[in-house]
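Have the viewer open and follow along.

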Amino acid sequence: MEIDRALVSRIAERVLRELEGAEAVAPGIQMGCFPDVSSAIQAAEKAFQAYRSIGLERRMEIIQRLREGLRLRVQELATLAVQETGMGRVEDKVKKNLLVINKTPGPEVLRAEAVSGQHGLTLEELAPWGVIGAITPSTNPSESVINNGIGMISGGNAVVFNAHPSAKRTTAFTIDLLNRLLVAEGAPANLLTCVTEPTIESANELMRAPGIRLVVVTGGPAVVKAAFASGKKVIAAGPGNPPVVVDETADLEQAGRGIVAGASFDNNVVCTCEKEVIAVDSIADRLKAAMVAAGAYELRGSEIATVAKLVVDGWHPNKDFVGKDASVILRAAGISFTGDPRLIFADVPFDHSFVQAELLMPLIGFTRAKDVHEAIEMALKAEHGFRHTASMYSKNIDHLDEMARAVNCSIFIKNGPNFNGLGFEGPGSTSFTIASPTGEGMTNAIHFTRRRRCVLKDHFRIV
């Protein structure tokens, strides 16, 4: 048998790297996981200094191998996240993990720019910040780490994560997996680190630490406010309450299918999911029928108040039902149903909590407007100025244009589920840090770099 010596050499090299990585941590300890913020930052800083010597082409190869390794573990990641947090659906989390693995932009988006003129040549390149502090949510624990991780190390950085405490095991598992795959491809150990027991205090310490040069936050209003108080450069992804408007020209079967698919995706824990429907009154009843035909359950009569009392506490969702299946909510409310409905909705007044509050569960409000112009005005109010995500079903290009301009959101989807705007079953790249408060929108490696300029006076022109 003829032996491929080059292949044997590559395998041996990879095994050695894995062994070297394994030696970087004690047995039973997850790679990249540290007992306190200070040691996590120190390890990440050491990794960053070593990573700086790796060129852009090699960085691209490492990210490619990282994607290949992660694809083999998506079922494990999805199952662990649902088991730990009790939120979402395993089958949808598998899709979300594959989405961030396959469609998070890598180093290929980092392009230098050169400008030549009478007085010489100017070169601008994108440089890493160094060690980034990242705060991640419980709703998309492995997806956020993978998405932020690929984007940040593509930019040449190292990262220290502070997870939501209720997702600490999934986060640590994901960081350990990423580190081992990176080390196996020749990257330094601990490019991604975290604190083993994350808390609000550790998040504040991380954001204010001298060794952190950029803070990236994916979470609610409180953590975004804390990030701004850190005095650091901040990229912040805040809350959303995405409205979907359906006018009298829409394909109602398409709208019904799209709304049910989008609003039920991973039980609505994704911030971009449809959170309320605003329908022009003349087609509202037919749209509701289309949603029921697509697998939704409509609450009627006293059922609406019963469920509202169960799942809403003032203007906030009852955490016991965040991310739970629709069937769990219906059973808890004592409501009989058939099959396995993906989504629950209720025809309610505009000021109802089902419309105004971000519930993060497969339950949305459905409300009516007299015409499309009133519907757009209502959507603008229901979105609360977050400028996050909105969508519309219409065949009238003037109506679509009117709403796109009015809502002024980071993501606007026309005639499709909101997950199309994330790149799932839609064109374009993905991100799970949609920075509406700070204006970056769908973040990628470019946003995790510093732009640097170098000028050579009177030379390097070739014409």
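## Strands E7 and E8

Strand E7 (residues 214-218) and E8 run parallel, joined by five bridges. Strands count as paired if DSSP finds at least two bridges between them. Looking at particular partners, Leu-214 bridges to Lys-233 in E8, and Thr-218 stands opposite Ala-237 in E8. To get from E7 to E8, the chain passes through helix H9 (residues 221-228), and this β-α-β crossover is right-handed. Right-handed here means that, with the strands pointing away from you, the path from the first strand over the helix to the second runs clockwise.

A word on the source: this is a predicted model, where local features need pLDDT of at least 70 and side-chain atom pairs count only at pLDDT 80 or more, while totals for chains, interfaces and linings use all residues. Residues are numbered from 1 along each chain as its sequence is written, and side-chain values use heavy atoms, with hydrogens and water left out.

## How covered is E8?

Strand E8 spans residues 233-237 and is mostly covered, with four of its five residues buried. Buried means under 20% relative accessible area, exposed means over 50%, and partly exposed is in between (1.4 Å probe, protein chains only). Lys-233, found in strand E8, has a relative accessible area of 38%, so this residue is partly exposed.

Now zoom out. E7 and E8 belong to an open sheet of six strands, in the order E1-E6-E5-E4-E7-E8, with parallel pairing. Its edge strands are E1 (33-34) and E8, each of which pairs on one side only.

There's also an open sheet of three strands, ordered E2-E3-E20, and here the pairing is antiparallel. Strand E2 (113-117) and strand E20 (449-457) are its edges, each pairing on one side only. Ignoring direction, neighbouring strands of this sheet are turned by 15° against each other on average. Strand E3 (residues 120-128) and E20 run antiparallel and are joined by nine bridges; as one of the partners, Glu-124 bridges to Arg-453 in E20.

## Helices that pack

Two packed helices are described by the angle between their axes and the distance between the axes. The axes are lines fitted to C-alpha atoms, for helices over the stretch in contact, and angles run from 0 to 180 degrees between N-to-C directions. Helix H4 (residues 74-85) packs against helix H7 (residues 168-184) at about 160°, with the axes 8 Å apart. That makes H4 roughly antiparallel to H7 (under 35 degrees is roughly parallel, over 145 roughly antiparallel, 65 to 115 roughly perpendicular, and the rest oblique). The crossing of H4 and H7 is right-handed, where right-handed means the near helix is turned clockwise from the far one by less than a right angle, and left-handed means anticlockwise.

Helix H2 (residues 37-51) and helix H8 (residues 200-208) pack at about 40°, with their axes 10 Å apart. H2 and H8 are therefore oblique to each other, and their crossing is right-handed.

## A cluster of Phe rings

How many aromatic pairs are there? The count is four, where rings of Phe, Tyr and Trp (its six-membered ring) pair if their centres lie within 6.5 Å, and planes under 30 degrees apart are stacked, over 60 edge-to-face and the rest tilted. Phe-265 and Phe-424 are stacked, because their ring centres are 5.2 Å apart and their planes are at 20°. This pair links distant parts of the chain, 159 residues apart: Phe-265 is in the loop between helix H10 (252-263) and strand E10 (276-280), and Phe-424 is in the loop between strand E17 (411-414) and strand E18 (434-435).

Phe-419 and Phe-424 form an edge-to-face pair, at 5.0 Å centre to centre and 80° between the planes. Put together, ring pairs link Phe-265, Phe-419 and Phe-424 into a cluster. Are Phe-265 and Phe-424 buried or exposed? Both are buried, with Phe-424 at 13% relative accessibility. Phe-419 counts as buried too, at 7%.

Methods
Helices (H or I, at least four residues) and strands (E, at least two) are DSSP runs, numbered from the N terminus.
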